[in-house]
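Here are some notes for a colleague who is opening this structure for the first time. Please read them with the model in view.

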Amino acid sequence: MLLKPYRTSSIDWRPSPVVALATSADESQVAAAREDCSLEIWLVSPGSVGWHHQLTIHGDTSCRVSSLVWCCVGSKGLSSGRLFSSSIDGSVSEWDLFDLKQKIVLESIGVSIWQMAAAPINKLPALEEPRSQHFGNGYLNDKYDSDDEESYLSEDVSDSEQVHQKLVEDRRVAIACDDGAVRIYTISDSDKLIYHKSLPRVSGRTLSVTWSLDSNRIYSGSSDGLIRCWDADLGHEIFRSTVALGGMSSGPELCIWSLLSLRCGTVVSADSTGSVQFWNGDNGTLLQAHSYHKGDVNSLAAAPSENRVFSAGSDGQVILYKLSSESLQSGNDKSSFEMMKKWVYVGYVRAHTHDVRALTMAVPISSEGSLSDEAKDLRDENGKKVKRIRRTGKKPLDFSYGKWALFGVPMLVSAGDDAKLFAYSAKEFTRFSPHDICPAPQRVPIQLIANTSFYQTSFLLVQASHWLDVLSVRVPDVGSGSYGGRVTTNLVARIKSKACRKIICSAMANSGELFGYSDCIKCSLFALSRQAGQSKWTISKRQLPRELPSAHSMAFTSDGLRLLIAGHDRRIYIVDLESLRLQHTFIPRCEEHEKEGSPSEPPITKMFTSSDGQWLAAINCFGDIHIFNLEIERQHWFISRLDGASVTAGGFPPHDNNVLIITTSSNQFYIFDVEARQLGEWSMQHTFALSRRFQEFPGEVIGLSFSPSSSSHPSKSSSLVVYSSRAMCSIDLGKPMDQDDESDLVNGAFLKFQGSINNMKWKNWLRDSQTESKLTGRKNNFDLIVFRDPVLFIGHLSKHSILIIDKPWMEVVKSFDAPPVQRHIFGT
């Protein structure tokens, strides 16, 4: 039975700008700091599935991040290293990616910190040669072997190739301060930075800082238009360079927003005049200058080979400069030529609608797992290993992103005021279009409660940053038509958080009578009521036990009698809602017979409950699944990370309480028999036959919606909808798996139509699908529908209808505080 779609775009959605980016020490992860003081960790993907948003940490809203540094010193065994941030209030924080916490490692120094730079971990060749043989006047020296030049400048050289190297660890970090000083601290194994020294204070604000490759020199840029070179050990100034006013000079200050030190000895500067300049790092002489930006240049980045430099600015452009060679005649001898290296402008890409604030380089990985232990084998109740579902060996479908986003090949990542993140090919920058990493940044958490106890009215619980909205859904009467039309939503209640604290998670009971949320301090519970015959809603607050901590996730049992809270202390609390007392506390374990003690597993960030209230599936931020039996209050099963991938969505079908369905960041689909502690029959049968339409699903799966069917077994009529922010997929587990038709696979998806759903297109899709079924008898299982506008939520209103909540991106852009970058349209 085809589903009747209803739509609404009335949800308020305003994502926060990205202010800083950083890449992990192993180059497999990207951290994005947003203006609302939240931090996102993204796993870099080489395939068509796309990037995975692994976790979010909500930081202190009073500490606005100004820069990020991800270094591997003192990493305590983590291959990703340690992540630090500086803030405008003058403090430095470390972000704990295991406990999902922000920890202050340097209390406010009393002045704003504009930028922070860690001393490089010198990867020196085993047989190191003197600097003078490899570095000339800021360019590559032509006197070294041509083989070295070829390996350094070749277009075809693999940036991921590694040579035998030794590591020289330097724990120093330099901080550019608003009072004109550069302060140097040492990173310790403890939770504090240790003060080392301060460089002499200069006139103006110090806005940017970077280290030389050997860590002997520090380069700083300030608001007085000067670049200064310092001796990092002695603390005295070696030389200074004056940045001349470029093409967009305005105001008394010339601000040097970013500095980049290359291993060839060249220093690159980006300033408020729109200029990108290349300097000799040995003596400070200007080598070249480019003024292609139409506003401030905010960030710089270099490819790992360092023969390409990228700049980004307030005009929305990302520009590529490339190191090239030219043959020049030497003196009067026409037969004598010498090679000259210079940085040339190649081209630009404008993917952002607003200012580009940050750039970084990343390298795609093939699997997750750098932040957690190795995944353990999945075993059944008899202790035997269970075969995992793995991707088939077929090559991913050929489309633009897949042509250049390959394993181990570096890519450029940009982010800015439009809240978007884009990935570019570092090698083929102007050839391929950038890849939109997150089409729905900071997607609004939404929960649909169909058929509540208030005259079967459907509610939407919408979680904004500082308030919760309860909306009633009114479905239009369209008769028996195939397209449902647009629903209308009315505000029932709005609850604002205390002191405008950031809301972390929220939940609503199936009856619609109870709902709650948690901020960074505590959990709150509310009751919604309305007297018969009256239109006014009443909200009353319920007092939860005082010992409850703040939560990463909340859920109600199906009967609404218990509230489940996944605390930030890595425990799971069960609250009896009749007595409002703490009923039980779970401590997730990775071993069934592990001794009781303090929590050792990562925090729980997702929870799903079965309809009969027996089972709780609790999933941590790295993808491990803990199954608890709520009846006997014991942990029933532990499932380690599924093929090293994180869990993106899941749930228990309402018609079978012993079945748990899980989707992962690798777009795999798992069905577990919870009671038997093993993979379900469907997964056993389709281990190596999962439809390519689903494997090449556009975007990362973000949610499931189950049909409220009363079937007693999934093999009879178990249907569900799987969706991402770009597409939805209807799956009937009772139908056979279709064979993929290559003619149906376009850009990695089975496309019934392209564009946002409207009346005519949906009717055409339905008519074509029905005709095809009648003519060919095709089951149409795993069919995909791709949307033009970002989808925030999809859920079943009834057995035969669904609600689709989307939002045209340009409407979101218009809601930003800053206007879009204006582009001249010729001919107007």
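1. A residue is called buried when its relative accessible area is under 20%, and exposed when that area is over 50%, with partly exposed in between. Because the limit for buried is under 20%, Asp99 counts as buried at 18% relative accessibility, and Arg570, also at 18%, counts as buried. Please keep in mind that the model is a predicted one.

2. The side chains of Arg570 and Asp99 meet in a salt bridge, with 3.4 Å from N to O. This pair links distant parts of the chain, since Arg570 lies in the loop between β42 and β43 while Asp99 lies in the loop between β8 and β9, 471 residues apart.

3. Lys103 takes part in a salt bridge with Asp96, where the closest N and O atoms are 3.8 Å apart; Lys103 is partly exposed, with a relative accessible area of 23%, whereas Asp96 is buried at 17%.

4. Lys103 also meets Asp191 in a salt bridge of 3.6 Å, N to O, and this pair joins strand β9, which holds Lys103, to the loop between β14 and β15, which holds Asp191, 88 residues apart. Asp191 counts as partly exposed, at 37% relative accessibility.

5. Strand β14 (residues 182-187) is mostly covered, with five of its six residues buried. On one side of the chain order, β13 and β14 form a hairpin with four residues between them, and Gly180 in the turn has a positive phi of about 95°; β14 and β15 form a hairpin with five residues between them.

6. A search of the whole structure finds 24 salt bridges.

Terms used. Residues numbered from 1 in each chain as written. Predicted model: local features only at pLDDT ≥ 70, side-chain atom pairs only at ≥ 80, totals over all residues. Heavy atoms only, no water. Buried < 20%, exposed > 50% of the residue type's maximum accessible area, 1.4 Å probe, protein only. Helix = DSSP H or I, 4+ residues; strand = E, 2+ residues; numbered from the N terminus. Pairing = 2+ DSSP bridges. Salt bridge = Lys/Arg side-chain N within 4 Å of Asp/Glu carboxyl O.
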